[in-house]
Amino acid sequence: KRKKKPTAGKVKVQQLCSAEGPINLGPVLDHVIAQEKEFCKFLGDLITHNDIQEIVCYGIGPIATCKIAQHQFAVLVVISRLHPLVPCSLYDPVLSDVERDYISRHMHVLPSNDMCCKSVSRPTLFFMVHSTRRMYDNLLQSNWESLPLLTIIGNPFSSYRTHTPDATLLCQAPHVFHCSDYVSESPLPPYTLLNVFNDTVAMRLEECCYPSKPVFGTKQIVDRSQDEFEIIGESGKG
């Protein structure tokens with residue numbers, strides 16, 4: 001009997017089920033490795049210089065559909081490969097089961113939404129590109145006694161002070177407000193694609209005497225799923 005030609009639908013399934021799984025970010029990874037060497041070297045040196053012992057990523061976005069999220073994730077994968085002894089974990093509530101499965105082949109996927117409240121006891125890099133100020137505030141609040149252990153890739157806190165009225169920032173993100181005077185911000189090298197790492201810096205919290213926690217009142221961790229959670233589409237994240 002003559003074999004039937006596969007239908008268009010079957011061909012599509014075969015293409016999606018490649019060796020790398022339903023999502024194929026190989027071309028994006030190739031781009032990062034070949035074209036973003038200076039950018040990756042900067043992050044690698046940051047990890048080495050600050051003796052980073054763990055990497056945590058919050059809010060990467062939908063890697064199956066968002067090009068910006070794909071490039072940010074690819075950078076994270078390359079960095080984790082350059083530093084294989086530094087454990088890397090990731091969480092984003094918008095990820096589908098297929099996306100989580102793909103990510104789990106490259107790094108650990110956190111099992112639940114801790115609302116950016118991970119408390120650390122060792123030098124940790126938080127990869128939080130284009131997150132909301134309340135996400136940063138949750139992180140700072142959860143590590144108020146160990147802020148110098150944090151290195152953050154994210155929105156510059158100085159810009160919040162510049163563009164947000166003090167009363168508003170004190171109400172919505174008091175820890176960001178008080179930390180902004182003690183943060184050193186280093187610009188990232190240029191990335192070849194626009195909007196992937198725009199308005200993003202590397203931040204370190206200085207060793208100093210921070211205001212005591214009671215100044216902020218009762219501990220209130222903000223559930224970002226009920227807030228202005230900024231995981232968006234192709235135009236950018238934040």
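How do strand 5 and strand 7 pair, and over how many bridges? I started my notes here, keeping in mind that this is a predicted model. I found strand 5 (residues 150-154) and strand 7 (residues 201-205) running antiparallel, paired over 4 bridges.

**Strand 7 and its partners**

I went through the bridges one by one. T151 has R204 as its bridge partner in strand 7, and I152 has M203. Then I looked at strand 6, which is also antiparallel to strand 7 and is joined to it by 5 bridges. There I noted E185 standing opposite M203.

I wrote down the strand order as 3-2-1-4-5-7-6, an open sheet of 7 strands with mixed pairing. Strand 3 (108-109) and strand 6 (183-187) are the edges, each pairing on one side only. Helix 4 packs on this sheet and touches strand 1, strand 2 and strand 4. I noted its direction at about 160 degrees to that of strand 2.

**Overall tally**

I logged 9 helices and 7 strands for the protein. Of its 238 residues, 49% are buried.

**Cores**

Next I looked up the largest nonpolar core, which has 42 residues. Those touching the most other members are I55, I63, F73, L90, F127, I153 and F197. Several elements supply at least two residues each, among them helix 2 (26-35), helix 3 (37-49), strand 1 (54-58) and strand 4 (124-128). Helix 4 gives the most, with 9 residues. I marked down another core, apart from this one, with 27 residues including L110, F157, Y160 and L205.

Setting aside neighbours within four places in sequence, I listed its contacts as L43, V56, C57, Y58, I60, Q72, L76, I153 and F197. Two of these, I153 and F197, are also on my list of core residues that touch the most other members.

**Aromatics**

I counted 8 aromatic pairs. For Y136 and Y160, the ring centres are 6.4 Å apart and the planes make 55 degrees, so I have this pair down as tilted; edge-to-face would need over 60 degrees. Y136 is in helix 6 (residues 133-142) and Y160 is in helix 7 (residues 157-163), so the pair links parts of the chain 24 residues apart.

Are these two tyrosines buried or exposed? Y136 counts as buried because its relative accessibility is 0%. Y160 is at 11%, and it is buried too, because the cut-off is under 20%.

I also found F39, F127, Y191 and F197 together in one aromatic cluster. That puts F127 in the cluster as well as in the largest core.

Note on methods:
Residues are numbered from 1 along each chain as its sequence is written. This is a predicted model: local features need pLDDT of at least 70, side-chain atom pairs count only at pLDDT 80 or more; totals for chains, interfaces and linings use all residues. Side-chain values use heavy atoms; hydrogens and water are left out. Rings of Phe, Tyr and Trp (its six-membered ring) pair if their centres lie within 6.5 Å; planes under 30 degrees apart count as stacked, over 60 as edge-to-face and the rest as tilted. Buried means under 20% relative accessible area, exposed over 50%, partly exposed in between (1.4 Å probe, protein chains only). A nonpolar core is a set of buried Ala, Val, Leu, Ile, Met, Phe, Trp, Tyr and Cys residues joined through side-chain atoms within 4.5 Å. Contact means heavy atoms within 4.5 Å. Two strands pair if DSSP finds at least two bridges between them. Axes are lines fitted to C-alpha atoms, for helices over the stretch in contact, and angles run from 0 to 180 degrees between N-to-C directions.
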